[in-house]
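The sequence and the model are shown below.

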Amino acid sequence: MDKLKLSGLKGTKQILETLSKKQGAWSEIQKQCAGISHRVFNTRLKQLETSGFVSSKAEMKAGKAVKIYSLSTKGKKLLELMTCIERL
């Protein structure tokens, strides 16, 4: 997906802002992103990860492997750019 197009899609900025505050599992991040449907949230998170704006790693929690998402350096730069553009 075109990275510029991705930056303008519903939920992108909200997910990046949420991850800029705290990394977390899918369910933890989704709870913080009110107003985004599960389907849109899931699609957008996968797109952000595939594009390198979000990183993930598997961690053991309560005996289960859980995927933990965090904002990558590239994602931090995109969020800064999106915030600057909004101020124009």
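In this predicted model, the buried residues of helix H5 are Gly75, Leu78, Leu79 and Met82. Viewed along the axis of H5, these buried residues fall within an arc of 100°, so they line one face of the helix. An α-helix has 3.6 residues a turn, so residues three or four places apart point the same way. The face of H5 turned away from the buried side carries Thr73, Lys77, Glu80 and Arg87, which are exposed. Here buried stands for under 20% relative accessible area and exposed for over 50%.

H5 covers residues 73-87, which is 15 residues. From first C-alpha to last, H5 reaches 22 Å, close to the 21 Å expected at 1.5 Å a residue.

What do the buried residues of H5 pack against? Their partners are helix H1 (3-7), helix H2 (12-21) and strand E3.

E3 also belongs to an open sheet of three strands, in the order E1-E3-E2, with antiparallel pairing. The edge strands, E1 and E2, each pair on one side only.

| Strand | Residues |
|---|---|
| E1 | 24-25 |
| E2 | 54-61 |
| E3 | 64-71 |

E1 and E3 pair over two bridges in the antiparallel sense. Within this pairing region, Gly24 stands opposite Tyr69 of E3. Helix H4 (residues 38-50) packs on the sheet, where H4 touches E2 and E3. The direction of H4 makes about 110° with that of E2.

Notes
Residues are numbered from 1 along each chain as its sequence is written. This is a predicted model: local features need pLDDT of at least 70, side-chain atom pairs count only at pLDDT 80 or more; totals for chains, interfaces and linings use all residues. Side-chain values use heavy atoms; hydrogens and water are left out. Two strands pair if DSSP finds at least two bridges between them. Helices (H or I, at least four residues) and strands (E, at least two) are DSSP runs, numbered from the N terminus. Contact means heavy atoms within 4.5 Å. Axes are lines fitted to C-alpha atoms, for helices over the stretch in contact, and angles run from 0 to 180 degrees between N-to-C directions. The expected span of a helix is 1.5 Å times one less than its number of residues. Buried means under 20% relative accessible area, exposed over 50%, partly exposed in between (1.4 Å probe, protein chains only). The arc is that of the directions from the helix axis to the C-beta atoms.
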